[in-house]
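Trainee: I would like a close look at a single part of this model. Please take one chain and go through it step by step.

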Amino acid sequence: MIGEWLDIGPVSQISPGNARTLPVQGGEEIAIFHTLAGAFYALVNKCPHKAGPLSQGIVHGNVVTCPLHSWNISLKTGEALGDDSGCVPTIPLRVDAGRIYLLREAVVGQQAA
Amino acid sequence: MNAQTKIEAGNDAPVRERLVVVGNGMAGCRAVEEILARDPDRFDITIFGAEPRVNYNRIMLSPVLAGEKSFDEIVINGPEWYSGNAITLITGDPVVSIDRRMRTLVARSGLVARYDRLILATGSDPFIIPVAGNDLPGVVTFRDLDDVDAMLAAAERGGANGEQGRAVVIGGGLLGLEAAHGLSLRGMQVTVVHLMPTLMERQLDEAAGYLLKTELERRGQTIVTGADTAEILGRDGPNGKHVAGVRLKDGREFMADIVVMAVGIRPAAGLARTTELEVERGILVDDHMVTSDPAIMAVGECVQHRGACYGLVAPLWDMCRALADHAVGKPSGYEGSVTSTKLKVSGIEVFSAGDFSGGDEVEDIVMRDASRGIYKRVIVKDDRVVGAVLYGDTADGSWYFDLLKKGEDISDIREALIFGQAFADANALGGGALADPNFAVAALSDEAEICGCNGVSKARVVACIDGGAHSLDAVRSNCKASASCGSCTNLVERLLALTLGEGAVERGAKSLCKCTSFTHDDVRRLILEKQLKAIPQVMQELHWTTPDGCASCRPALNYYLLCAWPGEYSDDQQSRFVNERLHANIQKDGTYSVVPRMWGGITNPRELRAIADVVEKYDAPMVKVTGGQRLDIFGIRKEDLPAVWADLNAAGMVSGHAYGKALRTVKTCVGSEWCRFGTQDSTGLGVRIERMTWGSWMPHKFKIAVSGCPRNCAEATIKDFGVVCVDSGYELHVGGNGGIKVRATDLLCKVETEEEALDHCAAFIQLYREQAWYLERTAPWIERVSIEYVKTALFDDPGAVAALAARFHHSQQFMQDDPWAKRAAGEEAELHQHLAEVRPLALEMAK
Ligand code: SRM
Ligand SMILES: Cc1cc2nc3c(=O)[nH]c(=O)nc-3n(C[C@H](O)[C@H](O)[C@H](O)COP(=O)(O)OP(=O)(O)OC[C@H]3O[C@@H](n4cnc5c(N)ncnc54)[C@H](O)[C@@H]3O)c2cc1C
Ligand code: SF4
Ligand code: FES
């Protein structure tokens with residue numbers, strides 16, 4: 001398990017309704033979201049529209065509204081909702097015993113791709 | 001080897017397989033019961049239990065603590081069960097090691113037992129947070145009867161000098177709240193400290209969590225949310241050190257005679273780990289509850305099955321069935337469980353099941369009844385119930401849970417779903433009349449009361465509609481139905497549709513957003529009338545149809561509450577757009593621009609130097625003079641914002657709120673001090689106005705200007721509030737806008753002194769703050785209400801200007817602290833920091 005999952009630290013680092021960022025050297029910055037209902041999601045921190053930093057958007061339900069032009073992006077699938085189309089990669093995330101884990105290959109495998 | 005002989009002495013048929021169970025808890029004994037029910041003679045059974053007692057119903061420890069049950073009443077299997085089934089029970093003696101090759105195990109006392117088959121049912125261990133003082137006497141967990149006894153003893157002892165005893169419960173989840181409830185019934189003064197912002201966040205959404213918190217507070221508990229424990233404090237007592245309280249990371253301290261730690265559980269898999277069975281979070285088992293060693297099975301909270309670990313009993317029963325089937329050679333298999341939760345606190349009904357995280361693919365059906373304290377939310381996806389959260393009325397919990405587990409198609413009963421099973425069934429019998437959503441209302445008798453506040457019957461509402469009231473507003477003003485608390489709005493709307501036909505209902509003012517039928521004005525009025533002071537409270541009392549609102553209503557409600565209750569309401573950061581949350585303007589590349597305030601557009605070498613230094617130090621690609629007479633520094637990264645602000649603060653500069661629905665700039669011209677035409681000190685007055693108004697939150701952005709003469713170089717007549725100085729005094733203008741749609745101001749009045757100009761400015765702003773709709777600038781607001789209205793509101797009552805100005809100044813006491821200073825000092829640092837940084841694979845492997 002240690003090998004496959006990267007330990008990102010305790011859940012308490014991200015208050016509900018907020019997101020925080022995880023830069024990856026040589027890869028894309030990741031945004032980790034904590035919804036008001038208590039779920040956690042990770043996406044590449046780049047809006048499919050014009051690369052707005054999704055981590056700075058308003059989180060409601062499982063959706064983040066991009067801070068630049070208000071596209072709504074599903075945190076579950078990374079897809080733009082409504083009339084907009086586009087998709088941002090999601091990173092598999094797991095919460096275990098109060099800590100957040102990201103799938104290692106999805107995080108560090110990025111620059112290999 | 002004595003011990004082993006002792007066990008084997010009890011066995012009469014040596015041919016039987018030896019089954020040993022580790023853990024005399026709920027799962028271990030249930031597994032044995034299931035095996036006995038299938039084949040009573042197959043095994044020679046020994047159970048080891050760490051606790052010094054027979055098998056009892058652990059979930060009933062809460063009622064024991066609360067004094068509603070005695071231990072005897074919660075025993076599941078008494079001594080006679082063990083002897084009657086020839087089971088050897090060894091209590092108070094935990095198993096400490098297992099030798100899988102020899103198939104033996106050793107208990108703490110040295111006792112050794114042989115097994116052919118072994119069942120691990122070791123349950124969970126309470127999680128102890130790693131803070132100083134967590135091992136002090138008086139810090140207890142809530143897992144077994146000893147813990148309950150320790151809590152009861154503490155309650156019995158009370159506090160020092162015969163005072164009421166104080167308990168702090170760390171953790172506002174199911175267990176923590178049940179402990180808190182029990183302790184408070186036992187006479188203790190209880191404080192619950194919970195890390196997350198809402199209670200039971202894993203089972204409840206924000207709305208239900210809020211209702212629960214309010215009710216517990218009403219019952220006298222102190223609930224502290226968002227509370228991160230830093231340390232458990234101790235003191236020297238007669239019998240050595242003892243717990244004395246809890247200190248939070250923010251410095252707050254709560255005194256305690258006992259501290260209950262209920263922050264979660266972890267599968268008790270230590271024994272399995274040392275035995276080198278495969279373990280992740282829990283002991284890994286297959287669908288037959290067999291571990292990586294075919295001779296060893298595991299069951300209960302200690303296992304991990306298909307990735308899931310459970311903390312409730314319902315899954316254990318299914319696991320035990322599969323285990324027993326396998327043990328007697330008739331394997332069936334276990335496929336995992338869906339669980340539901342109920343809180344066992346008498347008088348508080350809480351139920352939750354399934355997935356309530358909401359989102360775009362699902363539909364929320366919400367029903368709120370504020371007068372009865374009810375909140376019901378059913379989450380539907382593709383015509384199937386996927387989750388439910390119920391507060392206040394949980395009678396239908398098991399019905400929803402059943403629909404969820406069976407994955408039943410609910411499209412036929414969708415309209416009735418939220419009203420519960422009885423209603424849905426009645427409807428089904430009635431031939432599916434509910435396909436018509438007005439069914440329920442049509443079925444009401446004429447005398448049925450529609451509006452409880454004003455005592456209006458259905459017949460009266462219908463008569464009123466027949467009499468020409470063809471819109472909600474018309475009904476409200478004619479017969480008062482739905483005119484007060486509004487909880488019957490839905491019913492009135494249905495009556496309108498029923499009486500007139502769907503198409504003939506006249507739509508009144510637009511509602512605030514799709515989450516409510518109330519308009520902005522209704523919401524603002526009701527916040528004051530009903531003294532609503534928190535967003536979830538507004539949503540509950542005003543029957544919001546969504547669980548936690550949307551990106552339109554949250555910022556609006558946040559502003560309305562901030563305006564209504566200055567100093568009392570604490571701002572909800574999650575309800576603000578990024579610019580207001582980060583106190584800077586986001587740019588197209590994700591960096592930020594920083595605009596410090598330059599009072600009245602005046603600056604000095606110290607400020608200019610500080611700005612120049614920031615530009616160089618943080619490599620800002622551009623500095624620009626804005627249209628608002630100040631400097632804008634572009635391209636600052638969010639990580640650098642606090643440092644930039646600290647540098648600007650050091651030169652005496654504060655936030656310019658260029659990002660906020662707030663006072664922006666006060667533009668001035670040079671005025672009488674320098675200009676040959678200047679009639680008054682327009683710069684001086686502009687600075688005074690900006691000092692008075694900065695920091696105030698508004699429905700939308702607000703701009704002011706002061707020109708020294710009618711040439712109007714500061715463009716005062718396209719500002720929200722503009723002053724044009726003339727020889728005899730000051731002309732005050734309002735409602736101008738230079739933006740998308742240019743609007744010149746209306747003249748409000750003329751005054752003679754600066755003091756009057758300031759008072760009128762404060763009063764006008766306050767009127768706008770109290771009455772406009774969120775995101776409505778002064779220009780469209782005045783177009784809507786008319787300048788005559790504004791004049792009437794300010795001038796009809798001679799005391800009005802002073803009263804409004806006084807309310808503005810009162811509110812400003814709480815608004816005028818520089819948000820940058822707090823951030824520069826480290827507040828909410830996490831908004832600006834990355835969580836961590838991931839280095840490339842190559843670097844990681846090099847380590
Ligand atoms: C920086 C500045 C342009 C400049 O370089 O001069 C500017 C920049 C922006 N303006 Fe402006 N406006 C600026 C002065 C103005 C003015 C002139 C003035 O204030 O005298 C106007 C017309 C006057 C008025 O507001 O009535 C103006 C009318 C707007 C509007 C249209 C408002 C309207 O009611 O129609 C918007 C859009 C909005 O607010 O929704 C807007 C929105 C914006 C935003 C916030 C766009 C956005 O959402 O990102 C720009 C932010 C850039 C940034 O990050 O700093 N800006 N904007 C000026 C900042 C002034 C300051 O010191 O705070
Ligand atoms: C106060 C309280 C209230 C609860 N309320 C509810 C509720 O309302 N609804 C619900 O569904 N669930 C509830 N639960 C959870 C429920 O009690 C557990 O899911 C259930 O008891 C798990 O059964 P188990 O057999 O896996 O573990 P346990 O019942 O804990 O049994 C494990 C036993 O193994 C013993 N043991 C551990 N290691 C060893 C060893 N090495 N050697 C010998 N013995 C050992 C332990 O001492 C313990 O007696 C509650 C729990 C608590 C504590
Ligand atoms: S005029 Fe348009 S482009 Fe220029 S700053 Fe204002 S909003 Fe941006
Ligand atoms: S960049 Fe996200 S909406 Fe435009």
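How many positive and negative side chains does chain A have, and how far apart do the centres of the two sets lie?

Mentor: Keep in mind that this is a predicted model. Chain A has 7 positive side chains and 9 negative ones. The centres of the two sets lie 6 Å apart.

Chain A contains nine strands and one helix. The order along the sequence is β-β-β-β-β-β-β-β-β-α. The radius of gyration is 13 Å, close to the 13 Å that the globule rule gives for 113 residues, so chain A is as compact as a globular protein of that length. Along the principal axes, the C-alpha trace spans about 40 × 35 × 20 Å.

Next, contacts and burial. Take the contacts in chain A with a separation of 6 or more: 41% of them join residues 24 or more positions apart. Of the 113 residues, 57% count as buried.

Then the surface. The accessible surface of chain A comes to about 4200 Å². Carbon and sulfur atoms hold 50% of that area.

One charged residue in chain B deserves a look as well. Arg524(B) sits in helix 18, which covers residues 520-529 of chain B. Arg524(B) is buried, yet it has no salt bridge. The nearest side chain of opposite charge is Asp521(B), 6.7 Å away; a salt bridge would need a side-chain nitrogen within 4 Å of a carboxyl oxygen. Leaving aside residues up to four places away in sequence, Arg524(B) touches several residues, including Tyr559(B), Tyr560(B), Cys563(B), Arg769(B) and Glu770(B).

Technical notes: Residues are numbered from 1 along each chain as its sequence is written. Chains are lettered from A and ligands numbered from 1 in the order in which they are written. This is a predicted model: local features need pLDDT of at least 70, side-chain atom pairs count only at pLDDT 80 or more; totals for chains, interfaces and linings use all residues. Side-chain values use heavy atoms; hydrogens and water are left out. Helices (H or I, at least four residues) and strands (E, at least two) are DSSP runs, numbered from the N terminus. The radius of gyration is taken over C-alpha atoms; the globule rule is 2.2 Å times the number of residues to the power 0.38. Buried means under 20% relative accessible area, exposed over 50%, partly exposed in between (1.4 Å probe, protein chains only). Contact means heavy atoms within 4.5 Å. Accessible areas come from the Shrake-Rupley method with a 1.4 Å probe; for residues, only the protein chains shown count as cover. Lys and Arg count as positive and Asp and Glu as negative; His and the chain ends are not counted. The place of a charge is taken as NZ of Lys, CZ of Arg, CG of Asp or CD of Glu.
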